[in-house]
Every structure is written in structure tokens, then in C-alpha cells.
Amino acid sequence: MRDATRSGDEAGMFATGRRLGLDHLKLGMWLFLASEVMFFGGLISAFLHFKINNPSPESAFLDVVLVGLNTFVLLTSSLTVVLGLAAIQRGDRRGLIGYLAATILLGVAFLVGQANEFALLYRHGITLSSSLFGSTFFTLTGFHGLHVLVGILWALSTLFKAVRAGYSQSSYLGVEVFGLYWHFVDIVWIILFTLIYLI
Amino acid sequence: MRERSIFAIVIISMLLLVVGYLAATQLNLMPAQASTRAVLVDQLFHVLVGTAAVVFVLVEGILVYAALRFRRRAGDETDALPIHGNTTLELVWTAIPAMIVVAIGFYAYQVLTEIEKPAPEPMVVEVIGRQFIWQFRYPGQGVTTQELHLPVNRPIRFEVTSGDVIHSFWVPQFRGKRDATPGRVSEFLVTPTEIGTFPVRCAELCGPGHANMTTQVVVESAADFQAWLAGEQ
Amino acid sequence: MSMSTAAAAPGGGWRRYFTWNTDHKVIGVQYLVTTFGFFLIGGLLAMLVRAELAQPGPDFLNGTEFNRFLTNHGSVMLFLWIIPVLAGFGNYLVPLMIGSRDMAFPNMNALSYWLIPPAGLIMLASFFVGAAEAGWTAYAPLSIQTPVGQTLWAVSVMILGTSSLLGAVNFVTTVFTMRAEGMTFWRLPLFVWGMLATSLLVLLATPVLTAGLVLIAMDRVAGTLFFSASNGGDPILWQNMFWFYSHPAVYIMVLPAMGIVSEVYPVFSRKPIFGYKAIAMSSMAISILGLTVWAHHMFTSGMDPRLRIPYMISSMIIAVPTGIKIFSWLATIWDGKIRFTTPMLFALGFISMFLIGGITGIFLAAIPIDLHVHDTYFVVAHLHFVLFGGSVSAVYAGLYYWFPKITGRMYDERLGKVHFVANFVGTNLTYLPMFLAGLLGMPRRVSDYSPEFATLNLMATLGAFLLGTSVLPFIYNAVVSWVSGPKAVANPWRSLTLEWQTDSPPPAENFHQLPVVTSGPYDYGQPTSVPGQAQAVPAAGD
């Protein structure tokens with residue numbers, strides 16, 4: 001039986017990769033994620049540079065409790081991805097669909113929570129252009145939010161494919177690759193939450 | 001190694017040393033020296049020129065020699081010898097450049113420390129770059145001018161900043177420049193040693209007038225400088 | 001370049017080059033031709049700059065126009081020519097050299113190419129709304145204050161960075177997962193090693209530039225304050241983010257080029273490459289070290305003086321792996337049987353001119369000297385010796401060398417030699433005087449200069465016009481030979497690397513039968529290394 005965690009390779013083009021234990025789709029995603037680490041690293045460096053050299057009293061308006069809760073929501077969404085993957089690995093198609101739906105709902109809830117935080121700060125007069133704090137905060141969390149949005153769209157596409165029986169116990173690579181991206185976005189948020197809200 | 005190879009190596013080495021020495025001492029590629037840092041920088045520069053000349057002649061020489069000597073003979077379609085490497089040779093040409101680079105690094109570090117050594121009581125001059133003029137302020141004297149005057153042999157601490165975009169304050173004869181950045185004051189230490197007039201040029205693209213953002217620095221005796229300063233107040 | 005009468009290549013005529021095609025060989029040609037077009041545009045901009053600088057005093061360009069031309073000259077040459085043309089070579093050659101049928105992600109490969117023409121158009125369209133004019137380095141706050149074209153410039157560069165990044169993901173995945181049986185890492189051609197080392201840098205450094213460009217764009221468009229000094233912003237932050245990418249970028253621009261010449265020397269000396277592993281490891285060393293030197297562009301910025309020292313050290317250390325490569329190449333041709341074909345001439349020219357660039361790099365690394373020559377014509381000379389005398393020479397070497405493989409026809413050797421001589425003389429005539437001008441006091445990016453620099457500038461301008469003219473024999477040669485040159489055999493150079501063990505041009509599937517590799521790529525001088533005898537054993541799934 002074909003290895004379920006490897007992408008289709010009927011032509012043997014990826015034989016060398018298989019021998020090394022590398023699936024080309026997963027490797028490609030890991031490489032892309034490495035570049036994303038550097039992208040967020042650049043934005044985080046800018047944020048930290050100003051947080052250290054230009055600390056701002058406006059950070060007092062950050063709502064640690066609300067966003068802490070939001071963080072928990074996003075963490076839970078990573079859990080649902082893991083559970084969804086485990087489901088399809090057992091051949092439980094409906095389980096996968098359910099967990100993907102949950103992931104999407106939690107992702108949307110996260111974005112709604114973020115929107116709330118943005119609105120809260122806006123009401124205190126903090127915007128992209130009001131201060132350096134506003135500039136760095138909204139840019140950093142804004143780009144993270146955009147990545148979550150992309151993830152939600154990808155999750156929807158994965159969900160639709162699952163509904164159309166596109167995944168099975170012997171073929172679920174697409175779910176894994178999506179999972180890699182989603183977990184990455186989650187991990188970035190944990191770092192952001194720590195640096196922005198906790199330190 | 002064969003005797004002839006050793007002989008060739010000795011002769012070539014001696015020739016290279018001559019080339020290096022001549023390049024270091026005869027090639028004067030820098031403008032006039034008008035500060036204490038210029039003397040030290042130029043010494044470092046000349047050592048590098050000599051070293052560079054040796055490396056250049058050696059490598060280009062090998063290249064040209066090999067190109068001429070090892071030309072394919074007409075009609076010879078066969079391959080050359082299957083030589084893949086030579087560990088000793090490779091170690092040598094790794095170690096020697098490494099040592100040269102380390103030596104240069106040390107020397108450069110020494111020069112850097114010397115030229116940026118703070119002086120006990122420097123005269124402070126504020127340099128402010130604006131699109132597209134230079135302003136010089138003498139704090140405590142209430143004087144702001146667009147032509148820089150300095151007393152000779154007096155350590156000067158320039159405090160360089162900008163009123164708008166990034167500029168760069170440069171006097172080639174002093175051998176050194178410092179960027180003028182808005183929101184920051186950058187120090188630059190010079191002790192002028194020659195009486196004369198030298199160009200001040202902007203060395204960071206700052207807009208359409210960048211090329212014309214020039215003025216001059218007049219280095220004069222202490223007495224002349226005081227007289228000028230009094231005249232500006 | 002007109003392709004209307006291009007020789008019919010397998011799999012379709014010239015029209016497929018204007019479509020979304022996932023064949024890496026088609027994409028490779030699309031890259032090579034498109035980027036060469038941008039090279040000509042960048043060159044034209046250079047001619048205009050040099051024409052203005054032929055004599056002191058304003059001639060036909062005012063300060064704004066001059067700054068726009070020089071900014072776009074640099075930006076076009078770096079982002080639309082030298083970085084993507086080397087990716088084009090990578091695209092064409094890597095699958096063939098490793099014995100695979102295509103890249104790992106053929107559709108993403110096509111996307112990487114098709115991002116380039118629109119990005120180029122955006123950058124050039126900026127001339128209609130006030131082109132970028134802050135240099136290719138776009139230092140803030142100047143780059144925040146310039147007209148709309150600067151934003152277009154930033155968008156264009158972000159698109160090109162994405163193209164480059166996707167390419168890097170493709171190259172690394174392809175090399176790791178698609179090598180033919182028997183193609184171990186230590187049997188990879190050095191060009192492939194060069195692409196690997198380059199891809200590492202593209203993956204890790206490009207995103208930081210993207211982040212920086214995002215900040216610039218937001219300051220310009222959304223009113224953020226990142227680089228607004230009066231609001232606590234920091235222009236130096238841009239310099240750090242910019243150079244964190246742009247220094248590795250110069251290795252992105254040279255490592256594949258070094259890979260190209262590493263392919264050329266053994267073939268035209270009939271001798272194995274000397275120190276194969278050392279060259280491969282030096283490529284990786286240069287790549288990794290290249291991520292640690294960026295602040296040597298900032299020695300005059302007012303950065304913490306003590307922090308400058310580690311950057312001086314790492315910048316000097318990089319000379320060691322570079323030197324290893326140069327000496328290894330010399331040892332390759334030493335005792336060889338050198339054939340002076342056009343590719344070999346350009347490859348030899350590469351060493352001689354890259355050497356000048358590399359040596360002057362040591363001068364720049366030495367902080368006390370850099371404080372004098374930073375942002376002067378000394379730097380302009382240095383960068384053009386490494387990029388033009390170096391990388392572009394290697395690109396020409398590659399274009400001539402693989403011309404028969406790509407087109408199935410042979411170029412005219414005499415015209416090639418004329419091109420080489422004009423290019424070599426022109427390069428030295430243009431850039432050698434610039435070293436002197438910088439040392440004596442001429443800053444860079446100036447539309448005018450003190451009359452004492454007049455002779456040096458006139459020489460540089462004459463050299464530049466010679467360089468501009470020197471492309472003509474190349475273009476004529478390339479077009480006419482492609483259309484009606486003599487048909488080439490599969491392996492006219494009797495090279496041992498895998499791309500030469502298939503037809504010229506290769507069939508759509510690259511190899512009629514996938515090769516099984518049993519030896520290294522440079523085993524000249526051994527009786528068993530007769531080209532054409534990579535064993536034609538049917539590989540799995542074939």
C-alpha cells in the first residue's frame with residue numbers, strides 16, 4: 001500500500017526524497033515556514049527595538065485578559081487540527097470534517113477577539129499613525145491576523161475537500177501540510193502575545 | 001621539491017616583495033593629509049596597497065602564465081591528468097590568506113582605536129545637515145555659519161546631526177566621514193594639522209541638491225580663528 | 001529579443017514562451033530572455049547617467065531626473081537582471097544536472113517567472129508618476145518623502161522578493177528529493193552547490209527586506225511613524241533591515257555565478273575541478289558568513305563604535321573561502337589543456353576582475369579606510385568589479401556555454417571573442433578610474449562634481465559607451481545563431497555533467513531514460529569517463 005503520508009509519486013520522481021524520509025510537499029512547507037519566521041522576525045525586531053528604546057505608557061491600555069482568552073482560543077484551534085488529523089488517520093472522515101469546522105470557528109472567534117482589541121485601543125485614540133506604539137502594535141498584530149485569515153481560507157478549502165471525500169486513511173497529506181501552517185501561525189501568536197502583552 | 005622549483009619560488013617571491021614595496025611607497029592615491037587621523041589612515045592604506053599589489057600580481061601572474069603555458073596544442077583532443085586536489089597546497093592557501101587577513105584586521109583595529117581616541121579637551125562644533133546646506137554651530141559662542149572655520153592643531157569633536165533626511169559630513173583631506181541622521185547626534189573626532197581651505201562634501205544621497213551640498217572648511221591659526229569667531233558674533 | 005523565427009524546439013514553437021508553461025526548460029528561457037531585456041534597460045539608464053557625468057556641470061539632466069535614473073539603474077540591474085537571471089540558469093539546469101525530469105513544484109515555478117514582468121512594469125511605470133529617487137538603498141527618511149513612484153518601487157521589489165523566495169523553496173526541495181539514483185551530494189555539479197548556498201540566503205534574508213519594505217510602505221501610505229525621527233522613529237532601523245538582506249543579496253548575485261565558472265574551467269582544461277569539496281564547502285561558508293557582515297555598510301552611520309569591530313572581522317574572514325575558490329580554479333587550469341572558447345574567455349575574465357573587486361573589498365572592510373571611502377566612487381568601482389566584471393562575465397560565460405544545449409545550435413565563435421574583448425576593455429576602462437576618483441574625494445550618487453575629477457569621469461564615460469556598444473555583437477550573435485546557426489551535436493564540449501548526456505535541446509522529459517550516476521561530474525583524464533556513457537539503466541517508475 002502506498003505510504004499515506006507521502007504525496008503521490010507514481011512516476012518515481014521523488015524516489016530519492018522518499019529514501020531520505022522527506023516528502024517534497026512537507027519539505028517545501030517547512031522551507032516556506034522558515035522564511036516566514038524571518039519575516040515575522042523582522043517585524044518583531046522593529047517592535048522590540050521601539051519597545052526597548054521608546055517605551056510607551058499607551059501599553060497600559062492593552063487588555064491582557066481579553067487577549068489572553070483569545071490566545072487560549074487560538075491554542076484550542078491548533079488542538080482541533082491535531083484531533084482532525086488523528087481522525088482521518090483512523091479513517092474517521094466525519095471526525096475530520098467536524099474538527100476542521102471547529103478550527104474554522106475558533107479561528108474566526110480569534111479574529112473577532114482581535115477586532116475587539118483593536119476597537120478598544122482605537123477608542124483610546126491609539127491608531128497606526130497616532131504614536132510609535134500604535135504603529136508597531138497594529139502592524140505586527142495586523143500581519144499576524146492576515147496570516148490567520150489566510151489560514152481560515154485554507155481550512156475552508158481543506159474542509160470542502162474533506163466533504164467531497166478527498167481524504168482517506170491512506171491519503172491525508174494535504175491535511176498535514178495545512179496543519180503545519182496553522183500551528184506555525186499559532187506559535188507566532190504565542191511569541192507575539194508574550195512580547196506584547198506579558199513582558 | 002625540485003631545486004628549480006625552489007629557485008623559481010625564491011626569485012618570484014623577491015620580485016613580489018619589490019612590487020609590494022614599490023606599490024606601498026610610490027603610489028600616492030590619496031588627497032593631501034590635513035589631520036592627525038589622515039596620517040594613520042594613509043599608513044594603513046599604503047600597507048594594504050602593497051599587500052594588494054603583491055596578491056594581484058601573484059594571482060594575475062599565475063592566471064596569465066597558466067593561460068599561456070597550458071594552452072591546448074593543436075590537434076590534441078585528449079584529456080589532461082586526473083588531478084582532484086592536493087591537501088598540503090589547499091591547507092597552505094587557506095592558512096596564508098587567513099593569517100594575512102588576521103594581521104590586517106589587527107592593524108586596522110589598532111588604527112581605529114588610535115584615530116577615535118577621545119581627546120581631553122576638544123573644541124565642540126555642531127554640524128547640522130539640511131537639504132542642501134551645511135550649518136556649523138559653535139556652542140557657547142552664539143555663532144552659526146555655513147562656512148566651517150577651525151583652529152589648526154586643536155582636537156575637534158564634531159557633533160553631527162540632520163534637520164531632515166540623512167546626509168553625511170565629509171572632508172576628504174581629514175579622512176573620515178560621519179552620517180548626519182535626524183534624531184541622533186553622532187560624534188566625529190578630528191585634529192586638523194594643516195592650514196588651508198578644504199572641501200566639505202555631502203556623502204549620502206539626500207535629494208536633488210545632493211551634489212551641490214558642498215561648502216568649505218578653513219583651517220587657520222588660533223589667532224586668525226579667534227578673530228573670525230569674534231567677527232561672526 | 002524577437003523570437004519570431006526561433007528554431008522549432010521540441011514540444012512546441014516560440015509561442016509557448018509567452019504562456020504559462022510548467023516545463024522548467026521553458027521557464028528557464030523565459031527568465032533568461034526577460035532578464036536580459038531588463039539588463040538592456042538598466043544599461044540604457046547607466047548610459048544616460050554616464051553621459052551626464054562625462055563633463056562637470058549640469059548638462060541635460062537636473063538633480064531629480066539624475067537621481068531617478070541612477071536609482072532605477074541600480075534597482076533594475078539588481079532586482080530585475082542579476083538576481084533573476086541566475087535563477088533562470090538554476091531553473092534550466094538544476095533538474096538536468098541532477099538527473100530529474102523537472103523541478104519539485106512546476107506550477108510554483110511558472111508563478112515565480114510570471115511575477116517578474118508585472119513587477120518590472122510597475123517599477124518602470126513609476127517614471128510616469130515620479131520614479132523612485134532615493135537610490136536602490138532607499139534610505140529613510142528621504143524614501144518616505146519622495147513622490148508616489150517610490151511606493152511603486154517598494155511594491156515591485158516586494159513582488160520580486162516573493163518570486164525569488166518561491167524559487168528558493170523550489171530549488172532546495174528539488175535537490176533534496178529528486179536527484180537521480182547515484183547522484184549523491186558529493187557528486188553534484190558545483191553549479192548546483194552554488195544554487196543551494198544561494199537558496200539558503202534567499203530563504204533567510206529576503207523576508208527581512210520584505211518586512212522593512214512593509215514598514216517603508218506603511219510610513220508612506222498609512223501614516224505610521226517607524227522612520228519619523230521627530231516622533232521617536234529610527235532611520236537606522238531601516239538600514240539594519242535593508243542591509244540584513246542586501247548584503248547576503250550580493251552573495252545571491254555571485255554564488256551561482258561562481259558555480260557557472262566552476263562548470264566551465266574543467267571542461268575547457270580537460271581536467272577535474274581542483275578541490276571540489278573545498279569549493280562546495282566554501283560556497284556554504286560564504287553563504288553562512290554572509291549573514292553576519294551586514295553592518296559593514298553602516299560604519300559611518302553613528303552606530304555604537306564598539307559594535308563595528310565584529311563586522312570588520314567577519315567581513316575580512318569571508319576573504320578566506322573566496323580565496324580558496326580562486327586558488328582552486330587556478331589549480332584546475334594549471335597543467336590543463338586550455339581551449340580558449342568564448343565561455344572560457346569570459347570565465348578567465350571573471351577571475352581577473354572579481355579579484356580586483358575582492359581585494360578592494362578588504363580595503364572597505366578595514367574601518368579606518370572605509371570611513372574615508374564609504375559612499376564614494378571607490379565603492380561604485382568595487383561593486384561594479386564584483387558584479388559586472390564578476391557576475392555578468394560569468395553570466396556571459398554561461399550563456400555561451402549552454403547556448404548549444406538550450407537552442408540546439410552553435411553560436412559564432414569569432415563574434416563571441418569580439419564581444420569578450422570589448423567587454424573586458426570596456427569594464428576596466430569604465431571602473432578603474434572610479435577607484436581613484438573616490439579616493440581623491442568624489443562622493444557617489446552625485447549629478448555633478450568638482451572639476452578636478454573631470455578626466456577620470458570622462459574616461460569612465462568613454463568606457464561605459466564602449467560597454468554599451470559591446471552588447472551589440474552578443475545580441476546579434478545570439479539572435480542570428482538561435483534562428484539559423486549551425487546545428488549543434490548533443491555534447492559539443494564533451495562535458496561530463498548530466499545535462500550534456502541528453503539531446504540538445506533536451507526532450508520535454510529531459511532524458512529518454514533517467515540516468516544512474518556512477519561517478520563524479522569532473523572525472524576528466526580517466527579512461528572510463530567517456531561522455532555519453534552515463535549508464536542508461538531504466539530507473540524505477542520510468
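Modeller: Between domain 1 of chain B and domain 2 of chain B the count is one salt bridge, a term that stands for a side-chain nitrogen of Lys or Arg within 4 Å of a carboxyl oxygen of Asp or Glu. Its partners are Arg175(B) and Asp42(B), whose closest N and O atoms are 2.7 Å apart. Helix α2 (residues 36–69) of chain B gives the most to the side of domain 1 that touches domain 2, with five residues. That side divides into seven nonpolar, three polar and two charged residues; here Ala, Val, Leu, Ile, Met, Phe, Trp, Tyr, Cys and Pro count as nonpolar, Asp, Glu, Lys and Arg as charged, and the others, Gly among them, as polar.

A word on the ground rules: this is a predicted model, in which local features need pLDDT of at least 70 and side-chain atom pairs count only at pLDDT 80 or more, while totals for chains, interfaces and linings use all residues. Residues are numbered from 1 along each chain as its sequence is written, chains are lettered from A and ligands numbered from 1 in the order in which they are written, and side-chain values use heavy atoms, with hydrogens and water left out.

Now for the domains themselves. The assignment for chain B gives domain 1 as 2–69 + 86–115 and domain 2 as 123–232, with bounds from an automatic or database domain assignment. Their C-alpha centres lie 36 Å apart. In contact (heavy atoms within 4.5 Å) are 12 residues of domain 1 of chain B and 13 residues of domain 2 of chain B. Together the two domains bury about 970 Å², 52% of it on carbon and sulfur atoms; buried area is the accessible area (1.4 Å probe) that two parts lose on being put together, summed over both.

Back to Arg175(B), which sits in the turn of a hairpin formed by β6(B) and β7(B), with six residues between the strands. There Arg175(B) has a positive phi of about 65 degrees. Four bridges join strand β6 (residues 167–170) of chain B to strand β7 (residues 177–180) of chain B, and the two run antiparallel. Strands pair if DSSP finds at least two bridges between them; helices (H or I, at least four residues) and strands (E, at least two) are DSSP runs, numbered from the N terminus. Within this pair, His167(B) stands opposite Ala180(B) in β7(B).
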